[in-house]
Amino acid sequence: MVFNWFRRQYNDSPSSQPEQEDKSAQPPQPETTQTSTPDATADLLAFAKAAYKNIQEKQQPQPTETPTNDAVEVVEATADEPDPIDEDTQTAVAAIADEPDAEIEPEQVPESTEVSVIEETVTAPTTLSFLERAAAARQAKQERLNQNAIEVSEPEVAQLVTSTESTRIPEALDEGFLWSTSVIAGQGRRPEDVSIEEINWLKKLRKGLDKTRRNIVNQLKAIVGQGPLNADAVSEIESLLLQADVGVEATDYIITTLQNKLRQETLPPEEAIAYLKQILRDMLDEPVTRYKGTFVPEKENLNIWLITGVNGAGKTTTIGKIAHLAQKSGYKCLIGAADTFRAAAVEQVKIWGARSGVEVVANPGKNTDPAAVVFDAIAAATSRSTELLLVDTAGRLQNKKNLMDELSKIRRIINKKAPDAKVESLLVLDATLGQNGLRQAEVFSEAAQVSGVVLTKLDSTAKGGIALAVVRQLGLPIRFIGAGEGMEDLRPFSSYEFVEALLSG
């Protein structure tokens with residue numbers, strides 16, 4: 001059975017979804033912490049044991065995977081490059097893009113310097129010295145070892161590790177497993193619905209936010225547990241939130257909302273943190289209501305996602321990870337390499353396409369028209385009944401007008417070739433850049449008509465508060481979140497899971 005990551009929080013527990021919607025409509029109320037009573041702790045432990053048992057039962061009947069053949073098939077499927085764009089395609093693209101577009105100056109790519117390896121032949125003299133005889137003996141010994149060594153296929157081993165990493169069952173109920181199951185139980189899920197992929201992802205997310213959590217949780221508990229916030233307490237909270245890259249606007253909103261609550265009643269530290277969690281969840285979910293509640297590709301229909309972002313934000317890597325996620329979730333996926341101006345961008349997309357087992361439509365030429373690549377990608381997706389087409393677009397900020405002209409031209413191609421397709425535009429944002437990256441994203445989002453954000457590189461080097469700044473300053477919902485460099489380290493965003501990983505000590 002295919003595990004659909006895009007629909008896991010909606011299909012797995014249909015009976016609990018109305019309760020969550022009603023809860024979100026009510027004003028924030030302090031929650032009772034999950035470990036406040038012995039009965040709650042016992043219930044969570046029983047939930048974790050039941051989930052662990054069900055995961056073991058699901059894994060036992062499955063036959064042993066042999067990823068070697070699959071890896072070979074993937075390489076063969078993606079090795080065939082699409083045909084170069086012919087003159088008919090260029091004429092059709094020019095006819096569709098009837099409005100005059102500003103000419104985009106291609107980036108000057110320095111010619112690659114070929115490094116030639118000069119093989120030196122050393123002629124051994126007739127009489128060898130002691131050091132030369134020792135070197136010759138070592139060389140002969142190394143040759144004998146190489147002849148008797150057992151050859152190991154490294155790519156096959158790497159593929160095996162990648163395929164089993166997300167489905168590896170922990171040997172015991174460790175602290176990370178217990179915390180992950182408590183987060184899943186808090187969303188109204190049942191033990192039989194828990195998968196090992198979710199457990200491992202929540203562990204990675206919590207580990208990625210560990211630095212931010214350790215820096216702010218204990219200090220926040222000490223501050224908010226003293227009753228109404230005075231000027232000194234407000235100043236301390238402001239400092240903590242700003243250090244976590246929350247931003248000025250989001251910080252002011254959090255302090256004002258928390259202060260209003262603490263003026264009405266004095267809350268113990270645990271309840272105050274629970275109320276703060278509710279404030280953060282409401283902030284993260286607010287932009288979702290202005291767009292559409294779910295971000296799920298429609299089955300048996302063409303969905304086109306334009307992936308935009310500043311160069312270096314992880315755009316190409318994100319495309320490969322989303323393609324891998326779509327493949328695992330049962331979608332027919334295709335990638336269009338339309339970032340034709342950046343050096344080696346097409347080659348990078350092809351590498352990630354091979355890793356994820358998704359074919360890439362690209363033009364082997366240099367500095368070709370991106371709209372022409374999109375034209376061919378849509379034609380290929382239509383003929384193959386593709387359900388999700390990921391388009392890699394340019395990421396330059398030097399000339400905003402040229403960027404807007406290029407993206408608008410791509411939009412016209414899509415409207416002409418695939419008028420019934422569901423089109424989305426995702427902005428990839430590097431979380432490690434903090435407020436600097438956010439200011440770049442503000443300029444870029446104006447040109448790209450963005451409908452969602454992919455927050456990448458949210459590991460131990462980043463600060464988790466940037467997610468709150470994104471939704472508050474950009475007004476855009478976070479659709480995906482990345483917490484590592486691996487293929488499995490990108491997942492659909494959940495405000496509940498994110499806040500729990502950020503503030504659960």
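## Salt bridges and nonpolar cores

R190, E192 and D193 are tied into a network of salt bridges. A salt bridge here is a side-chain nitrogen of Lys or Arg within 4 Å of a carboxyl oxygen of Asp or Glu. By that rule, the count comes to 18 salt bridges.

Before going on, a word on the source: this is a predicted model, where local features need pLDDT of at least 70 and side-chain atom pairs count only at pLDDT 80 or more, while totals for chains, interfaces and linings use all residues. Residues are numbered from 1 along each chain as its sequence is written, and side-chain values use heavy atoms, with hydrogens and water left out.

| Salt bridge | N to O distance |
|---|---|
| R206 and E175 | 2.9 Å |
| R281 and E500 | 3.7 Å |
| R384 and E359 | 2.8 Å |

Where do these pairs sit? Helices (H or I, at least four residues) and strands (E, at least two) are DSSP runs, numbered from the N terminus. The R206 and E175 side chains meet in a salt bridge. R206 lies in helix α9 (residues 196-208) and E175 in helix α8 (residues 175-186), so the pair ties together parts 31 residues apart in sequence. R206 is buried, at 11% relative accessible area; buried means under 20%, exposed over 50%, and partly exposed in between (1.4 Å probe, protein chains only).

R281 forms a salt bridge with E500. R281 lies in helix α13 and E500 in helix α20 (residues 495-503), so this pair ties together parts 219 residues apart in sequence. Both R281 and E500 are buried.

R384 forms a salt bridge with E359. This pair uses loops: R384 is in the one between α16 (370-383) and β4 (388-392), and E359 is in the one between α15 (345-356) and β3 (360-361), 25 residues apart. R384 counts as partly exposed at 40% relative accessibility, and so does E359 at 25%.

Now for the greasy side. A nonpolar core is a set of buried Ala, Val, Leu, Ile, Met, Phe, Trp, Tyr and Cys residues joined through side-chain atoms within 4.5 Å. The largest one has 75 residues, and I254, L280, L455, V470, F498 and L503 have the most contacts inside it. Helix α13 (residues 269-290) gives the most to this core, with eight residues.

Which residues does I254 touch, leaving aside neighbours within four places in sequence? I254 is in contact (heavy atoms within 4.5 Å) with L241, V246, L276, I279, L280, M283 and L468. Apart from this core lies another, of 26 residues, including I319, L325, A362 and V428.
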